[in-house]
Amino acid sequence: MMKVDAGVCIRCGACASVCPVNAIEVADVRVQADKSCTNCGICMKICPVGAIILERKKV
Amino acid sequence: MKEKKYDVVVVGAGPAGSMAARAAAKAGASVLLLDKRRELGVPVQCGEALAEEPLRDLGIEPNPRWIAGEVNAVRLISPSGIEVSIAEKSVVHGKVGFILDRKIFDKHLAMLAAKEGADVRVGTLVDGLIMNGKKISGVKASSFDGRMEVRADVVIAADGVVSRVARWAGVKTALKPDDIESCAQFQMVGIDVKSPKVMEFYFGSKITPGGYAWIFPKGEEMANVGIGILGSRMQRPAIEYLKNFVDSRPELKDGRVIEINGGGVPVGGPISKTVKDNLLIVGDAARQVNALTGGGIDSAMRAGDIAGDVAANAIASGDISEKRLMEYEKRWREQMGKRLERYLKAKDVLLSMTDEELDKLAKALQGIEFDKISLTDMLKVLTKVNPKLLLKLRGLM
């Protein structure tokens, strides 16, 4: 699941615009993915400020 | 749960959404303009440059409250530092355009919508569509005072680059890394703006792969300094490239950053269809952006204005079929479709050029006086000065 460092994130929505499964919600105060996140990493690559990390889902 | 009913609901109060709400309300529709942000215009996600023309065309009086700088020339800087200057002479008052203060400008546009009678709700996040069978019949939203359902005859999706509303409706708007510029920008103070009326664009695969860096002056001591990197060519976050660019410029390196912003700019051309059932898609959400420059305020405002007008008139006529609403698509394509296509081709040519070729191009253009900043004029000059380069540019003529 993609995780966002809220201290770095500028809430621009670039991550959500490239998400192939529309999993990312960019609210006014935070950005988060829902369960449909496939860990593909495109959001992490595109983030202009490097605010995104990928966490492996817990088994 | 609160329930409301409007003729038109507009999701997103950026330039596209506010102009749509203004036009729809002006044409007699009841309109609700929604935005998730508690403060419109914040965070800034762009370089804030806008030509004077769209404001004039849309009847918006330029207001010093939201104009941070006026520019009348453009300077292009090639990878090896060759400068090409283009001054606009033939425009009224000798202006190319404005560097806006979007924090005020966006609020101003929302105010214009409100003045025409549109309701405005900020801090309201749309998180789903209300469906009636296959038809969209409104939006679901949450805000500080709870959840609400807003029914509407026509929904206008102006939710920016994220473009979730269109995606919920089944329109494919997800951007590929080739079709997005990842942009970071510093608003800087305490810098030495040598030419406060000149917008500067820097090119080169090392400093800004697949994009450009910009310095847009806001007066003599302040500027927007930004960079756009093509998603598919990024090796690091855009902000890292921006830091390197700032450090490399003597006039910038002692400046102070008073704001960090950024965003994704869609540069793959507009989506193929911007109408679906009773949904109209406008602005960045529809990818109505100049792919060469990444500028989108102009086309967003014009498309929004058309969308609002078409929606209200369709509702008044009692026919909100997709066929009737396709008038929006027809009108915006007539007005700017060809232009956006040419910019898209020009971008592809630019992306295909090596640093060496860019330097050659700059050398060829150097010292030539352009009366007007137009792609056609630049190409006409090129045909005379460097026929070899023309082979690559031929697709644009």
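How many residues of chain A are in contact with how many residues of chain B? I started my notebook with that one. The tally is 26 residues of chain A against 32 residues of chain B, where contact means heavy atoms within 4.5 Å.

**Ground rules.** I am looking at a predicted model, where local features need pLDDT of at least 70 and side-chain atom pairs count only at pLDDT 80 or more, while totals for chains, interfaces and linings use all residues. Residues are numbered from 1 along each chain as its sequence is written, chains are lettered from A and ligands numbered from 1 in the order in which they are written, and side-chain values use heavy atoms, with hydrogens and water left out.

**Entry 1: where the chains meet.** I looked up the area next. Chain A and chain B bury about 2,100 Å² between them, and 53% of that is on carbon and sulfur atoms. Buried area here is the accessible area (1.4 Å probe) that two parts lose on being put together, summed over both. On the chain A side, A:Ser17, A:Asn22 and A:Asp28 supply 26% of the area that this chain buries against chain B, more than any other three residues.

I found a count of two salt bridges between chain A and chain B; the rule asks for a side-chain nitrogen of Lys or Arg within 4 Å of a carboxyl oxygen of Asp or Glu. A:Asp28 and B:Arg38 meet in a salt bridge through their side chains, at 2.4 Å from N to O.

Which elements of chain A give two or more residues to the side that touches chain B? They are α1, β2 and α2 (42-46). The largest share, four residues, comes from α1(A). Helices (H or I, at least four residues) and strands (E, at least two) are DSSP runs, numbered from the N terminus.

Entry 2: Most residues other than glycine have a negative phi, and most peptide bonds are trans.

- A:Asn22 has a phi near 55°, a positive value. A:Asn22 sits in the loop between α1 (14-18) and β2 (24-26) of chain A. Buried or exposed? A:Asn22 counts as buried because its relative accessible area is 12%, and buried means under 20%, exposed over 50%, partly exposed in between (1.4 Å probe, protein chains only).
- B:Arg287 has a phi near 60°, also positive. I found B:Arg287 in the loop between β18 (279-281) and α6 (297-317) of chain B, and B:Arg287 is buried, at 2% relative accessibility.
- The peptide bond from B:Val42 to B:Pro43 is cis, with omega near -5°. B:Pro43 belongs to the loop between β2 (31-34) and β3 (49-51) of chain B.

**Entry 3: strands around β11(B).** Two strands pair if DSSP finds at least two bridges between them. I traced β11 (residues 146-157) of chain B and saw it pair in the parallel sense with β1 (residues 2-11) of chain B, over nine bridges. In that pairing B:Glu3 has B:Glu149 as its bridge partner. β10 (residues 135-143) of chain B pairs with β11(B) in the antiparallel sense over six bridges, with B:Val139 opposite B:Val150. β10(B) and β11(B) form a hairpin with two residues between them. Three bridges join β11(B) to β18(B), and these two run parallel; there B:Val155 is partnered with B:Leu279.

**Entry 4: a buried glutamate.** B:Glu200 lies in strand β13 (residues 198-202) of chain B and counts as buried, at 11% relative accessibility. Its side chain makes polar contacts with the side chains of B:Arg75 (2.6 Å) and B:Tyr202 (2.8 Å).

**Entry 5: cysteines.** I count zero disulfides over all chains, taking a disulfide as a pair of cysteine sulfur atoms within 2.5 Å.

Definitions and conventions. A polar contact is a pair of N or O atoms within 3.5 Å; within protein, one must be able to donate a hydrogen and the other to accept it, and residues adjacent in sequence count only if both atoms are side-chain atoms.
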